[in-house]
Amino acid sequence: MKLRLGSQIIPCRGIIFDKDGTLLDSFVIWPRLIRRRVEYLVRYFTLRQEVKELIMRAMGLGEDNTVVRRSPIVVGTRYQTAAAVATVLFLYEGIPWDEGLQKTLAAFASCDEQGGLDWQAVLIPGVEEAVRRLHGAGFRLAVATNDDRKRTEALMDLCGLKPYVSAYACQDEVGNSKPDPEMIYLAARRMGLSPSECAMVGDSLLDMEMGKRAGVKVTVGVTSGACSASELEGLADVILPGVAAMLPAGEAAREGGR
């Protein structure tokens with residue numbers, strides 16, 4: 001089986017996708033998510049307005065209401081994002097760091113449970129069609145993400161990708177987060193493949209480093225999320241504007257002949 005990546009054709013059998021910024025349009029989702037998380041935090045703490053704003057900045061919301069690339073919510077785990085919030089609470093409100101962390105994680109969970117996930121299941125344009133075509137061509141597809149398994153599967157179901165995903169490797173299933181290669185080892189094993197038979201597709205330097213350390217066939221950096229093309233250069237073997245640019249080699253060749 002061969003995969004067309006721009007002008008390159010790469011033999012592989014499995015494709016491992018990052019989730020946020022690669023499949024999901026996180027830069028549309030995250031500004032609202034950050035603000036909603038702060039709404040739930042005030043159930044645990046009495047916060048001054050300036051501290052609320054600092055918490056939003058700490059998670060990654062810029063002054064122009066857009067999410068800053070490579071901020072905690074973009075490249076970090078849920079725990080790491082909560083840790084950034086707990087640090088603000090410690091510095092500006094005198095709340096013990098461990099208490100702040102515990103209650104911040106509880107607020108994040110309540111936000112998901114009570115606020116629902118439907119509005120967060122927003123695919124990047126072209127992703128659903130590309131994933132469907134890759135699956136139809138026989139590629140095995142997996143998702144490797146710093147998010148937890150329950151939330152990841154729910155989001156994949158809501159956005160319509162779950163029927164195409166044969167394996168997951170999530171933060172709460174491994175001992176180490178990205179860029180440790182453990183997620184790729186787990187995803188590949190669950191697909192019945194070796195990492196060397198797989199492509200790793202992601203929007204961050206962590207995804208690319210993880211792929212390199214795991215020994216995947218090819219690392220594919222997409223510029224739809226955390227990093228620009230210039231930032232991905234050197235770690236990504238191939239750089240594409242998004243998952244929509246990925247096609248089965250035979251299908252791409254037939255289209256090119258029309």
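Strand E4 is mostly covered, with 5 of its 6 residues buried; buried here means under 20% relative accessible area, exposed over 50% and partly exposed in between, for a 1.4 Å probe and protein chains only. The model is predicted, so to speak of local features a pLDDT of at least 70 is needed and side-chain atom pairs count only at pLDDT 80 or more, while totals for chains, interfaces and linings use all residues. Residues are numbered from 1 along each chain as its sequence is written, and side-chain values use heavy atoms, with hydrogens and water left out.

Helices (H or I, at least four residues) and strands (E, at least two) are DSSP runs numbered from the N terminus. E4 spans residues 140-145 and pairs with E5 in the parallel sense over 4 bridges, two strands being paired if DSSP finds at least two bridges between them. Along this pairing, Ala 144 stands opposite Ala 169 in E5, and the bridge partner of Val 143 in E5 is Tyr 168. E4 also pairs with E3, again in the parallel sense and over 4 bridges; here Gly 14 has Arg 140 of E4 as its bridge partner.

These pairings belong to an open sheet of 6 strands in the order E5-E4-E3-E6-E7-E8, with parallel pairing. Strands E5 (167-170) and E8 (238-240) stand at the edges with a single partner strand each, so one side of each is left without a neighbour in the sheet. On average, neighbouring strands are turned by 20 degrees against each other, direction ignored.

Helix H7 (residues 149-159) lies across E4 and E5 and runs at about 140 degrees to E5. Axes are lines fitted to C-alpha atoms, for helices over the stretch in contact, and angles run from 0 to 180 degrees between N-to-C directions; contact means heavy atoms within 4.5 Å. Helix H8 (residues 182-191) packs on the sheet as well, touching E3, E4, E5 and E6, and its direction makes about 160 degrees with that of E5.

Turning to helix H9 (residues 205-214), the buried residues are Asp 207, Met 208, Met 210, Gly 211 and Ala 214. Seen down the axis of H9, they fall within an arc of 160 degrees, taken from the directions from the helix axis to the C-beta atoms, so they line one face of the helix. These residues pack against H8, E6, E7 and helix H10 (229-232). Just after H9, Gly 215 takes a positive phi of about 80 degrees.
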